[in-house]
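Please read it alongside the sequence and the coordinates.

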Amino acid sequence: MSTAPRLTALDALHRSLGATMTDFAGWDMPLRYGSERDEHNAVRNQAGLFDLSHMGEITVTGPQAVELLDYALVGNISTVGNGRARYTMICQEDGGIIDDLIVYRLGETEAGFSEYMVVANASNAQVVLDALAARSEGFDAEVRDDRDAYALIAVQGPESPGILKSLTDADLDGLKYYAGLPGTVAGVDALIARTGYTGEDGFELFLKPADAEGVWRALTEAGKDVGLIPCGLSCRDTLRLEAGMPLYGHELNTSLTPFDAGLGRVVKFEKTTNEGRFVGREALEKAAERAASAPPRKLVGLIAEGRRVPRAGMSVVANGEVIGEITSGAPSPTLAKPIAMAYVDAAFAEPGTEGVGVDIRGTHEPYTVVALPFYKRQK
């Protein structure tokens, strides 16, 4: 087995742009091209261009594709219309989160079956693929690994609709958030989705790897007069953190249920396919009861009063006691202060709670508890 990281179709281009590369989930990915702060601010105020080709695309099709997905995932996939997308999760039998996912309903195959694309996080793509394949037993459906069939380019930020509009035949004005439609971008076929992980308006473009470089260059040219710049994974992390979006391995893991993470809304007990059966149902019903009565810990936002930056794994403290743990932390370019997400004891989870600190190398730095997200774009 080769341990060399996998390369995206845009690898040579990133290097020619002077990107600092990093191994992320077994892929060589651009961390930054220049200043992380400049890249972050470009997405908030103009637009940024990302290579997300490390994400894991899995196609599910066949006569019972939707029955399989309703059984394998916690969401109600049978209510997703053609050309729409749904944020959902795949859980273990004990309710623990295997991954958070976006499921796109692509339309009908020539045989008349619905076709879905499940997009998993890079670090979990194989685990999700294996789980879907195992759970497909007894269903007349095909689970296909399409990770090598797609490159994924995202253009995010307030200028992104104008940039993309100049290159596509698709009706972007009619494309709602969490919708995706087939069209062409710079003359090549793409699935154009109005999704993202930055807290801004934007698009994710699924295309053939051979077409990726041409589309990247066309977007770069179309956006050069409105401030579009290439952006790496580093600013994607600070953007999603400001937007209060969870990251698998930080806010989400197999020891937490969606209810523990404050995302119980993604679990749909009312679904009727398979007589309401789905993997993890019993455990999740108990988790829902626990969350409704007395949740042990809640996910909150923390804003620093000082300048020291909290990092994942650091303890949250109050009255000399440990009351929680940081899951993600970084300097926030938008707020100009360090921020963090943390699971804290429910008694300390109210926004405005005082006397809370973070143990940063032995010093208890003062922090203010706030409701998530830290940043919400003006529509």
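The text below takes up the helices, then the sheet and its strand pairings.

The model is predicted, so local features need pLDDT of at least 70 and side-chain atom pairs count only at pLDDT 80 or more, while totals for chains, interfaces and linings use all residues. Residues are numbered from 1 along each chain as its sequence is written, and side-chain values use heavy atoms, with hydrogens and water left out.

**Helices α2 and α7**

Helices (H or I, at least four residues) and strands (E, at least two) are DSSP runs, numbered from the N terminus. Helix α2 spans residues 36-45 and helix α7 residues 233-242; their axes lie 9 Å apart and the packing angle is about 50°. That angle makes α2 oblique to α7. Axes are lines fitted to C-alpha atoms, for helices over the stretch in contact, and angles run from 0 to 180 degrees between N-to-C directions. Under 35 degrees counts as roughly parallel, over 145 as roughly antiparallel, 65 to 115 as roughly perpendicular and the rest as oblique. From α2, the contact (heavy atoms within 4.5 Å) draws on Glu-36, Glu-39, His-40, Val-43 and Arg-44, and from α7 on Ser-234, Cys-235, Thr-238, Leu-239 and Glu-242.

Nine of the 10 residues of α7 are buried, so this helix is largely enclosed by the rest of the structure. Buried means under 20% relative accessible area, exposed over 50%, and partly exposed in between (1.4 Å probe, protein chains only). Among the buried residues are Leu-233, Arg-236 and Arg-240. Their cover includes α2, β4 (47-51) and β17 (321-332). Just after α7, Gly-244 has a positive phi of about 70°.

**The sheet**

Six strands make an open sheet of mixed pairing, ordered β11-β12-β13-β10-β4-β14. The edges are β11 (180-185) and β14 (228-230), each with a single partner strand, so one side of each has no neighbour in the sheet. On average, neighbouring strands are turned by 25° against each other, direction ignored. Helix α2 lies across β4, β10 and β14 and runs at about 115° to β4.

Two strands pair if DSSP finds at least two bridges between them.

| Strands | Bridges | Direction |
|---|---|---|
| β10 (151-156) and β13 (202-207) | six | antiparallel |
| β4 and β10 | four | antiparallel |

Leu-152 has Phe-206 of β13 as its bridge partner. Gln-156 stands opposite Gly-202 in β13, and Gln-156 of β10 is also the bridge partner of Gly-48. Both faces of β10 are covered, with Ala-151, Ile-153 and Val-155 buried on one side and Leu-152, Ala-154 and Gln-156 on the other.
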